[in-house]
Amino acid sequence: MKKNINIPDELFRLKIKELAEETRIKFAKKGLSDIFDILSEIAFLIRKPLDVEGLSGFITYYEDRFVVYLNSSFSLGHERYTGAHELYHIMYNKDILKKEKVFIDENKYEEEEMKADVFAAEFLMPEDYVKEIFLKTVNVDKDNVEPRHVIRMHNYFKVSYKAMLKRLVQLNLCSQKRYFQLLDISTLERKDELQSITMEEGFNIDLIIPSNENYIPREYLIYVKANYENGKISYNEMEEILMFIGLTPEKLGY
């Protein structure tokens, strides 16, 4: 395992933290706090398992609407983190998305990708609340954090084990030395052990296994059909749009 942990510069993190807090408050005023509910409010959210290695999700801009695709083949915790990453792009990269339609060139927009990752951590795991819950449910020295402590925390914030562990290091609640020791249990080879400890702690294993959720909003299909019937998209374009959600025009009666 590569001995590397990518912790952002503190000044950079604090600037993104402000954006995350601003966004959280904006949606809280609407009574929305869950990342899937928020994405459904501002975009077409599609959750489907996809057998493509390394693709957690993506966002695109089509016909004046944002479309967020999340690959539910990843664990639910990972999927939620990806959702928060895409939320950053909707909130702060509107102009780029409208111009480019999709973030294809990751090198060209490397800084925005970094910001989106930091935003996801700040949005899902608010600094003050992480510290408060850590004191209430763990409260050990940063060199004595155990897997069961990380499990308690990541289940509270509904993120992946790995994302929570990195956040604890970032906030100086866990040492970098312990990070690499604790990270090992999240590997595929030790998944049974992680699941066992999770259940011993009284949690179900939903966050650490793929949800394989199939969620396509009804309005998305209505939107595609209306655009085809009104001549805004061709049959071939409709075919391409439907292909990535596993449908064909024939299945919709065309």
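Colleague: Hi! How many Å separate the centres of domain 1 and domain 2?

Modeller: Taken over C-alpha atoms, the two centres are 24 Å apart. Bear in mind that this is a predicted model, where local features need pLDDT of at least 70 and side-chain atom pairs count only at pLDDT 80 or more, while totals for chains, interfaces and linings use all residues. Residues are numbered from 1 along each chain as its sequence is written, and side-chain values use heavy atoms, with hydrogens and water left out.

Colleague: Thanks! Which residues does each domain cover?

Modeller: Domain 1 is 10-124, domain 2 is 127-201 and domain 3 is 218-252. Those bounds come from an automatic or database domain assignment.

Colleague: How many residues of domain 1 are in contact with domain 2?

Modeller: Nine residues of domain 1 are in contact with nine residues of domain 2, contact meaning heavy atoms within 4.5 Å.

Colleague: And how much area do domain 1 and domain 2 bury between them?

Modeller: About 790 Å², with 46% of it on carbon and sulfur atoms. Buried area is the accessible area (1.4 Å probe) that two parts lose on being put together, summed over both. On the domain 1 side, Arg-13, Arg-80 and Leu-124 supply 46% of the area buried against domain 2, more than any other three residues.

Colleague: How many salt bridges are there between domain 1 and domain 2?

Modeller: There are three between them, and the structure holds 16. A salt bridge here is a side-chain nitrogen of Lys or Arg within 4 Å of a carboxyl oxygen of Asp or Glu. One joins the side chains of Arg-167 and Glu-122, at 2.9 Å from N to O. Another pairs Glu-127 with Arg-13, where the closest N and O atoms are 3.1 Å apart. That pair links distant parts of the chain, with Glu-127 in helix α6 (residues 127-137) and Arg-13 in helix α1, 114 residues apart. Helices (H or I, at least four residues) are DSSP runs, numbered from the N terminus.

Colleague: New topic: how many aromatic pairs does the structure hold?

Modeller: It holds 12. Rings of Phe, Tyr and Trp (its six-membered ring) pair if their centres lie within 6.5 Å; planes under 30 degrees apart count as stacked, over 60 as edge-to-face and the rest as tilted. Tyr-88 and Phe-119 make a tilted pair, 5.5 Å centre to centre with 55° between the planes.

Colleague: Which helices hold Tyr-88 and Phe-119?

Modeller: Tyr-88 is in helix α3 and Phe-119 in helix α5, so their pair ties together parts 31 residues apart in sequence.

Methods
Helices (H or I, at least four residues) and strands (E, at least two) are DSSP runs, numbered from the N terminus.
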